[in-house]
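Thank you all for coming; I would like to take a few minutes to walk through one model with you.

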Amino acid sequence: MKKWCYLAAAVCCAALTLSGCNNKEETESLTIFNYGEYMDPDVIDMFEEETGIEIKYEEATTPEEMYTKYSSGAISYDLLCTSDYMIQRLINEGEVQKVDFSSMQHTGNIGDKYWEFASVFDPDNEYALPYFWGTVGILYDTTKVDAPVDSWDVLFNGDYANNIIMPNSQRDAFMVALKYLGYSLNTSDEAQIREAQQLLLQQKPDVQSYLVDEARDEVVAGNAAMAVVYSGEAYLGHEYNNNLAYTIPKEGSNVWLDTWIVTKHCQNVDAAEKFLDFLCREDVAAMNFEYIYYSTPNEAVINSLDPELRNNESLVPADSATDNCEVCTQTDAAVTQLYSDLWKELKSE
Amino acid sequence: MVKKLFSRLYVGLIILFLYAPIAVLIVLSFNDSKSRVVWGGFTTRWYSEVFSNSTILSAFATTIALALLSALIASVIGTLAALGIDRMRRKQYQVVMFFTNIPLLNADIVTGIALMLWFVRFLPLGFTSLLLAHVTFNIPYVILCVLPKLRQMDVNLYEAARDLGANSRTAFFKITFPFILPGVLSGFFLAVTMSMDDFVITYFTKGAGVNTLSTMIYGEIRKGIKPEMYALSTILFLIILLLLILMNIVPRLKNREQTASAVRDF
């Protein structure tokens with residue numbers, strides 16, 4: 001009997017110490033969910049130091065993964081940064097709180113162009129704050145390609161048979177074909193999507209491989225003449241191999257935009273707004289830019305860049321280059337199914 | 001002769017395929033370029049960066065603390081459980097072992113999600129929930145390591161000790177525990193390994209801001225794994241290699257010493 005008492009006492013003590021760990025004195029804190037490697041860790045330290053608000057920082061790899069973790073409710077996130085179409089989904093599902101961006105001190109640094117990009121999924125710009133953006137284009141090896149590349153045509157005309165890398169993701173691959181044909185990448189017209197698939201089927205014998213993350217390295221290593229990549233990858237590729245160039249084809253392409261939202265679970269909206277405003281501050285945005293090297297929507301940062309970086313099309317595309325570009329929106333279930341069926345057909349061909 | 005040649009070749013190939021990836025990793029950890037495909041010259045800067053990167057160090061500390069703590073707790077609980085199970089009657093024994101083996105054979109993802117759903121009701125996810133999860137999946141390993149040792153033990157030894165006046169605690173620590181110690185230790189080390197290895201359960205039960213090495217590396221995949229990770233993995237590999245060499249050499253040295261002293265005594 002005595003033994004049981006000891007045991008019970010021990011268990012209680014253990015439980016108390018364990019729960020003690022979690023009920024620290026109530027400091028303000030924010031739980032933030034972001035892509036991996038998508039913020040300079042020093043930025044977080046700086047914010048904590050300046051405001052005394054503690055940051056719990058969590059990372060994920062894909063938008064789908066973020067959505068799953070978020071909606072499981074295991075961790076109550078205050079702020080979340082993810083890609084355009086996933087933000088659209090979260091807004092549609094009522095998971096997002098409205099934020100008054102105009103009342104913030106530094107949000108003026110974000111250029112109008114980017115608010116416009118965001119308005120595709122957030123029409124009144126009341127939910128999503130642009131963070132980083134980029135384009136999809138062609139990364140090519142200037143020693144292997146004679147004429148300057150400015151059109152998707154090089155991928156389809158057969159000149160570089162077996163020297164081409166196409167994206168191994170449905171929407172991106174179809175985007176290339178749809179844009180080349182002059183259609184919208186958000187089209188829900190079955191005939192257009194089928195036409196795009198025909199084009200991709202014809203192109204398939206010329207394609208060396210379908211890759212996503214490895215595409216850049218293949219071009220860097222000289223194993224392929226060109227690849228369809230994200231602009232951020234293109235910048236890194238150029239760092240390793242000076243002969244690489246990047247272009248956004250004139251027919252237009254996909255513009256992607258990662259934005260921050262405040263979730264409906266956020267209790268401390270004040271702190272969340274402070275954090276968002278902090279991210280827009282010029283020095284902070286510059287730190288993040290130098291850590292990530294994706295295109296920044298922060299015009300104060302763009303204006304203070306070295307001319308060399310400023311003229312790099314993969315980092316700061318000209319306004320004219322993105323004129324024909326579109327932000328990718330979520331397709332409805334029928335179109336998604338069509339894409340997935342056609343993609344399977346293409347890959348198994 | 002030809003047969004011998006082939007068998008050597010076969011073993012050689014197996015070793016090549018097992019270790020070539022690790023060799024690539026080690027080579028890349030000295031590469032002065034962030035790209036996998038460009039050799040930028042020899043450098044040791046990734047090694048110095050590992051030790052100045054607070055994110056990596058804190059993930060490393062969490063991993064080690066979690067592995068040791070969870071293994072220790074699991075060893076205690078597992079050993080006690082094994083003592084109890086060993087005394088059970090056949091039917092009861094089978095039922096309990098059946099339930100003990102479930103976490104062992106269950107898919108990690110099921111265990112992970114189940115634990116997450118369970119924890120969410122009671123405590124905020126954090127290091128505590130992570131520790132509880134790791135203890136949970138470590139216990140069966142300890143039980144499985146300790147039980148055979150108990151089965152091998154002669155009950156008469158323990159009873160003789162009691163006969164000679166030892167109380168149950170003394171008898172346990174003087175007789176039973178030393179006998180099952182190798183089982184407890186191998187259970188402990190197995191638990192450490194399992195805990196360090198685990199990704200799926202950790203991923204689902206960790207709280208925001210808590211990272212182990214495996215979840216941290218996973219987070220980096222999107223933008224490419226940084227060379228610091230190659231350096232860290234190389235260090236981990238070398239530590240394990242060193243431990244293995246020590247574990248093989250020390251008993252042999254001891255043996256030699258014993259034979260030497262035996263010869264001298266003779």
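Which residues does Leu79(A) touch, not counting residues up to four places away in sequence? Leu79(A) touches Leu30(A), Ile32(A), Trp260(A), Val262(A), Ala272(A) and Phe275(A), where two residues are in contact if their C-beta atoms, placed from the backbone, lie within 7 Å.

Before I go on, a word on conventions. This is a predicted model, in which local features need pLDDT of at least 70 and side-chain atom pairs count only at pLDDT 80 or more, while totals for chains, interfaces and linings use all residues. Residues are numbered from 1 along each chain as its sequence is written, and chains are lettered from A and ligands numbered from 1 in the order in which they are written.

Back to Leu79(A), then, and to the strand that holds it. Strand β3 of chain A covers residues 79–83; helices (H or I, at least four residues) and strands (E, at least two) are DSSP runs, numbered from the N terminus. Because 4 of its 5 residues are buried, β3(A) is largely enclosed by the rest of the structure, and by buried I mean that 20 or more other C-beta atoms lie within 10 Å of the residue's own, with exposed standing for 12 or fewer, partly exposed for anything in between, and the C-beta atoms placed from the backbone.

What does β3(A) pair with? Strand β1 (residues 29–35) of chain A pairs with β3(A) in the parallel sense over 2 bridges, with Ile32(A) opposite Leu79(A); strands are said to pair if DSSP finds at least two bridges between them. Strand β10 (residues 254–263) of chain A pairs with β3(A) in the antiparallel sense, over 5 bridges, and here Leu79(A) stands opposite Val262(A) while Cys81(A) stands opposite Trp260(A).

Antiparallel to β10(A) runs strand β4 (residues 96–97) of chain A, joined by 2 bridges, with Gln97(A) opposite Val262(A). Strand β5 (residues 129–141) of chain A is also antiparallel to β10(A), with 6 bridges, and Gly134(A) faces Trp256(A) across that pairing. Strand β11 (residues 326–327) of chain A, in turn, runs parallel to β10(A) over 2 bridges, and Asn254(A) stands opposite Glu326(A) there. Since 9 of the 10 residues of β10(A) are buried, this strand too is largely enclosed by the rest of the structure.

Let me widen the view to the nonpolar cores, a core being a set of buried Ala, Val, Leu, Ile, Met, Phe, Trp, Tyr and Cys residues joined through C-beta atoms within 7 Å. The largest has 125 residues, and Leu79(A) is among those with the most contacts inside it, together with Leu139(A), Met226(A), Ala227(A), Ile261(A) and Phe275(A). Which element gives this core its largest share? That is helix α6 (residues 127–152) of chain B, with 11 residues. A second, separate core of 11 residues includes Ala59(B), Leu213(B), Met216(B) and Ala231(B).

Now the domains, whose bounds come from an automatic or database domain assignment. Chain A is divided into domain 1 (28–133 + 256–310) and domain 2 (135–254 + 325–348), and their C-alpha centres lie 28 Å apart. In the contact between them, 12 residues of domain 1 meet 8 residues of domain 2. On the domain 1 side, α4 (84–92) and β10 of chain A are the elements that give two or more residues, and α4(A) gives the most, with 4 residues.

Turning to the contact between the chains, chain B brings 22 residues and chain A brings 21. On the side of chain B, α5 (108–122) and α10 (213–220) each supply at least two residues, the largest share being the 3 residues from α10(B).

I will finish with two backbone details. Most residues other than glycine have a negative phi. Asn162(A), although not a glycine, has a positive phi of about 65 degrees; this residue lies in the loop between α6 (153–156) and β6 (164–167) of chain A, and counts as exposed because 11 other C-beta atoms lie within 10 Å. Tyr293(A), also not a glycine, has a positive phi of about 55 degrees and lies in the loop between α12 (282–292) and α13 (299–303) of chain A, where it is partly exposed, with 19 other C-beta atoms within 10 Å.
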